[in-house]
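Open the model in your viewer and get ready to select residues by number. We will go stop by stop.

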Amino acid sequence: MHDPEDRSFFGHPRGLGYIAFTEAWERFSYYGMQSLLVLYMVHRLLHPGHIEHIAGFVPFRHFLEFVYRGPLAVQPLASAIFGLYTGLVYLTPILGGLLADRVFGRTRTITIGALLMAAGQFLVAFDITFLVALTSLLFGVGCFKGNLASQVGALYATGDNRRADAFQIYYIFINAGVIISPLIAGTLGEVYGWHWGFGAAGVGMLIGLTIYLSGRKWLPPDSPIVEKSESAPKPRLTHRERMAVVALLLLLPVLTMAIIGNQQIFNAYLVWAERNANLIFFGKKMPTTWLITLDSIVSVSFLAGSVVFWRLWSKKFPEPPEITKIGIGSLVAVTGFISLALYARVAPAALSATIIGIYYLAFFAANNLVGTIGGLLEKMAATHFWLLHSALCGTAGIIFLQAGHFFGYLLAPSNDASRTTNH
């Protein structure tokens, strides 16, 4: 653990700055590509003259049509591909966590992931390598994302109240990457050519990797697998830790419902907005991908406001646990990375990267549902389509608040030895 008095980055350890800037560029890369993905498929890739050039696409399309039980038109097919890809993106961090915890260590795993992601971004611009590019991106994100996030929590000692704030700062930097990526990668892709947008995303990933490696000495010690204490016995989980892990697993389906609406903005929302929103400003059409920037600005504004609010609240009143904040956040459709703070803190140290990977199971399920539900855009009235998303998020918020009432003590920080009896 680094010096607990290190407060050189907005009152936080310097390593948080390197992690946050690395993640900002990784998110610039990922969301720069993702903001273009559905529009690229709808307007170019899935039309005659292009679709037949995609290596291995015919059996892949047959598989999707078997899953969805019928032929898929262009928009539902694009939605299905989007859902499967973005779902698997959040499943592969489990493998990445295991590789970091048991084989390569975090630093090597993150480096491998960044290189795979950069390669995928450059390859996605070519029709023939589209599926190869998505595969490279899947494994790249898997190696990178959960392992980088787990290093945020590792910067702080147990009971350090700055940890929750650190994840909110981390989320602000993520949103900074999301805000910028449509303005640069999205504009290049829509206005000058798809390959320019995807290429910019690849360059962004290489910048992120450079920042990460340059700040390595300020980051937490690597996973035990790469240290010389490999022969030491691994600590057994306490009874409370086991019960906390069970509680986290039970909350995954609820988290899935909570984030469907947010994830849909990269899929059906872009297609719907392009058809129905007036994007003409001062005589020029605004790129559709800029709507993602607008959404992220709103998210960052409310998140920054929430950080200030809870700090002021804590001066006079006890600050509620993360699960209560998640419930409130779900009711206003902002929940994902507050939940990440919860999963990172509750995770036993011996399984930290793996538990973060398991957290992303909710995003795997949510994005697959986003792909399925997004295909209903062609069949449902727009009012009913978006009310469905509101109902899912609101229901999740109510369940989170109830969960916090009944077993929130398992997920709250505590040094009470009476609740941590070893078995």
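**Stop 1: a salt bridge to start**

Select Glu26 and Arg27. They form a salt bridge, and their closest N and O atoms are 2.6 Å apart. The term has a cut-off: a side-chain nitrogen of Lys or Arg lies within 4 Å of a carboxyl oxygen of Asp or Glu. Both Glu26 and Arg27 are buried. Buried means under 20% relative accessible area, exposed means over 50%, and partly exposed is in between (1.4 Å probe, protein chains only).

Before moving on, know what you are looking at. This is a predicted model, where local features need pLDDT of at least 70, side-chain atom pairs count only at pLDDT 80 or more, and totals for chains, interfaces and linings use all residues. Residues are numbered from 1 along each chain as its sequence is written, and side-chain values use heavy atoms, leaving out hydrogens and water.

**Stop 2**

Now select helix α2, residues 57-67. Helices here are DSSP runs (H or I, at least four residues), numbered from the N terminus. Show the side chains of Arg61 and Glu65. They form a salt bridge, with the closest N and O atoms 3.2 Å apart. The two sit four residues apart in α2, about one turn of the helix. An α-helix has 3.6 residues a turn, so residues three or four places apart point the same way. Is Glu65 buried or exposed? Glu65 counts as buried because its relative accessibility is 18%. Arg61 is partly exposed, at 25%.

**Stop 3: across the sequence**

Jump to Glu378 and Arg275. Their salt bridge has its closest N and O atoms 2.8 Å apart. Glu378 is in the loop between α15 (361-374) and α16 (382-407), while Arg275 is in helix α10 (residues 268-276), so the pair ties together parts 103 residues apart in sequence. Glu378 is partly exposed, with a relative accessible area of 44%.

Next, select Glu23, Glu26, Arg27 and Lys145. Salt bridges with shared partners join these four into one network. The structure holds six salt bridges.

**Stop 4: a buried leucine**

Go to Leu138 in helix α6 (residues 130-153). Leu138 is buried, at 12% relative accessible area. Which residues does Leu138 contact, leaving aside neighbours within four places in sequence? They are Tyr85, Leu88, Val89 and Thr92. Contact means heavy atoms within 4.5 Å. Tyr85 is 53 residues from Leu138 in sequence, yet their C-alpha atoms are 7.4 Å apart.

**Stop 5**

Finish with helix α1, residues 14-45. Of its 32 residues, 26 are buried.

Notes:
Expected span 1.5 Å × (residues − 1).
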